Amino acid sequence: LQLCVDRLLDQTSPSLDTIKMQVYFDMNYTTRREFVDEHQRVLQARLAPASREITDSRARSREELEGLYRKIVSYVLLRSGLGSPTDINTVREATAALQSVFPQPELGTFLSLIKRDKEQQLAELTMIVTGIRLFNKDSGKGGEGIEDLPAILNEAIPATSKHIESELVASQGKAYQITALLEKLGQTKGGGGELDVQPELLKQALYNLRQHETFLHIILADVITCAKQVEALQTQLGARMTELNSTVRAKTAVPTAQVYPHFTALSKLWSGLQDEMVLLTVLRNMVANLQPFLVSQSQLLPDSHLESLLEGLEVETDEHRMARSSGNRVAVSEYKNQEWLFPETTANFDKLPLQFRGICGYTIVKKDGLLLPGNPDIGILKHREKFYIFSSNEAACSFAENPEEYISQVAEKAKQSAELIQLLELHQQFSSITPYSEMKSGEKLLVKAITKCDSSTQTDTHLVETNIVKSYEWNEWELRRKAIANLRNKVTHSMQTNLSHMRRDNISQVYLPKQAACQTKRDSKSNVPKPQVYLAGLRGGQTKSTHMIKTNLTRAVDE
């Protein structure tokens with residue numbers, strides 16, 4: 001127990017500082033989205049008492065209603081972050097903007113709502129008032145207490161990037177120098193007597209600097225992403241402001257349905273800029289808080305002492321090492337059972353999750369923990385769905401002959417130097433100490449090399465006809481809309497000819513005759529006479545001549 005306590009209280013151990021750095025970064029760093037969400041949660045928690053005081057109010061008298069309205073104005077200022085609620089001019093401007101969308105007589109309707117609707121209306125009022133104040137600031141008619149956030153970000157982001165890059169160059173330069181010293185010790189095999197420094201302390205200092213370099217790369221990538229996001233937000237903000245100016249112009253009254261969405265959009269864009277400012281501040285603080293973890297190695301190896309040790313040594317950068325080993329690729333034909341990946345054969349070559357964080361595993365084993373970055377141009381070895389990179393062709397060939405042996409020996413090195421577990425991302429071998437952040441981003445281990453792809457070509461059977469009408473429209477309602485729109489720009493012309501002079505077309509409309517019928521309570525009928533005319537005398541008889549006889553054979557009705 002005493003040994004553990006002494007080890008933890010050691011103020012001159014670069015190894016312990018590296019572990020402290022890893023713990024600090026793991027506990028404080030997260031994704032951009034989680035940073036912003038956490039900031040919003042903190043903001044909501046701080047505003048909860050003010051919101052609760054408004055939503056739970058039971059104001060009745062005139063004085064109470066005026067006090068409630070002032071509380072709403074203060075809440076809007078606090079939530080928007082545009083000015084202080086103690087500044088008289090800012091409060092007056094915010095009150096005027098709020099009265100234009102939410103007059104004080106409407107407090108009665110507001111108090112009759114349920115709590116959830118009150119909170120929603122407060123949020124909507126905040127966005128609308130924020131948009132109005134931003135528009136007034138852009139128009140030069142207000143904006144009291146509103147900082148020029150785009151200009152501040154445009155200055156802060158390059159300054160932060162420059163600061164991180166300067167620290168990155170300093171850590172890399174010292175890491176290159178210590179690497180040169182360790183290589184000299186490995187060549188002489190005489191220990192550290194000639195250099196008046198222990199090799200173990202040199203390795204601990206190298207691990208400390210390489211870990212600091214890794215964290216700075218992560219933070220710098222977030223700053224670059226922040227710069228791109230700010231540029232996009234500023235472009236959208238300018239376009240939205242221009243559109244709003246064209247909508248309002250010099251009009252005295254504009255429908256709320258036209259301007260409120262613009263004000264809300266302005267508020268959301270400005271809130272996005274505020275989030276980026278908060279994120280940039282957090283990243284700058286993290287960079288500053290990483291600096292104390294470099295104290296022990298800087299005291300162990302001051303710059304003056306390090307320069308004296310480097311006399312006569314050539315210090316190589318990572319880029320120089322890669323350039324020297326480029327072009328010396330692995331002969332794939334010699335390894336029938338191994339799969340090698342190259343840039344021209346792998347679509348996502350730059351996105352492969354390299355093992356040991358891109359450090360050569362062969363060098364770690366053979367040079368007693370020395371960290372040298374691998375060169376992807378030599379070739380990436382795919383072994384059991386994992387990808388390994390090497391600093392030289394010899395290292396790649398030796399590692400490929402017995403990968404499991406080298407992987408296990410790297411894990412043994414990590415057991416001797418615990419800081420290598422996170423530095424080389426060996427969390428699978430030591431799953432019991434996997435940090436929370438790595439567990440959240442475990443999906444990156446599922447990335448597979450894309451070495452094959454499906455492709456197809458299409459040949460037109462018939463060439464495109466030249467008489468295609470580009471203005472053809474199949475939708476009937478679209479044709480009607482275009483016809484109505486064109487009518488506004490059309491004029492009707494007429495002329496008169498000799499045939500149409502003093503003439504006109506007349507049209508009349510009549511009602512067609514309709515059939516009618518009626519029904520009575522009694523049914524009756526009649527029988528009309530049916531006289532018949534016959535020619536008599538055809539059969540002979542008393543008369544010799546024929547003549548016509550008219551006879552009525554109708555029977556009486558009462559028969």
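The report covers salt bridges, nonpolar cores, a surface patch and aromatic pairs.

The structure is a predicted model, in which local features need pLDDT of at least 70 and side-chain atom pairs count only at pLDDT 80 or more, while totals for chains, interfaces and linings use all residues. Residues are numbered from 1 along each chain as its sequence is written, and side-chain values use heavy atoms, with hydrogens and water left out.

## Salt bridges

A search of the whole structure finds 24 salt bridges, a salt bridge being a side-chain nitrogen of Lys or Arg within 4 Å of a carboxyl oxygen of Asp or Glu.

E213 and R210 both belong to helix α9 (residues 199-248) and, being 3 residues apart, are separated by about one helical turn. Helices (H or I, at least four residues) and strands (E, at least two) are DSSP runs, numbered from the N terminus. E213 is buried at 8% relative accessibility, and R210 is buried at 7%. Here buried means under 20% relative accessible area, exposed over 50%, and partly exposed in between (1.4 Å probe, protein chains only).

E316 and R321 are buried as well. These two residues also take part in a network of salt bridges with E183 and R324.

E425 is partly exposed, at 22%, and R357 is partly exposed, at 26%.

## Nonpolar cores and a surface patch

A nonpolar core is a set of buried Ala, Val, Leu, Ile, Met, Phe, Trp, Tyr and Cys residues joined through side-chain atoms within 4.5 Å. The largest one has 65 residues, of which I72, L98, F102 and I219 touch the most other members. Helix α10 (residues 256-290) gives the most to this core, with 13 residues. Apart from neighbours within four places in sequence, L98 is in contact (heavy atoms within 4.5 Å) with Y69, I72, V73, P103, L125 and V129. A second, separate core of 46 residues includes I359, C360, L424 and L426.

On the surface, V533, L535, L538 and M548 form a nonpolar patch with about 420 Å² of accessible area together. Patch residues have over 30% relative accessible area and no salt bridge; like charges are joined within 9 Å and nonpolar side chains (Val, Leu, Ile, Met, Phe, Trp, Tyr) within 5 Å. Accessible areas come from the Shrake-Rupley method with a 1.4 Å probe; for residues, only the protein chains shown count as cover. V533 lies in strand β4 (residues 531-536).

## Aromatic pairs

The structure holds 14 aromatic pairs. Rings of Phe, Tyr and Trp (its six-membered ring) pair if their centres lie within 6.5 Å; planes under 30 degrees apart count as stacked, over 60 as edge-to-face and the rest as tilted.

Y24 and F293 form a tilted pair, 5.9 Å centre to centre, with 40 degrees between the planes. Y24 is in helix α2 (residues 14-28) and F293 in the loop between α10 and α11 (295-300), 269 residues apart. Both residues are buried.

W340 and F390 form another tilted pair, with centres 6.2 Å apart and planes at 55 degrees. W340 lies in strand β1 and F390 in the loop between β3 (386-388) and α15 (393-401), so the pair ties together parts that are 50 residues apart in sequence. W340 is buried at 6% relative accessibility, and F390 is buried at 1%. One aromatic cluster is formed by Y335, W340, F356, Y362, Y388, F390, F399 and Y406.
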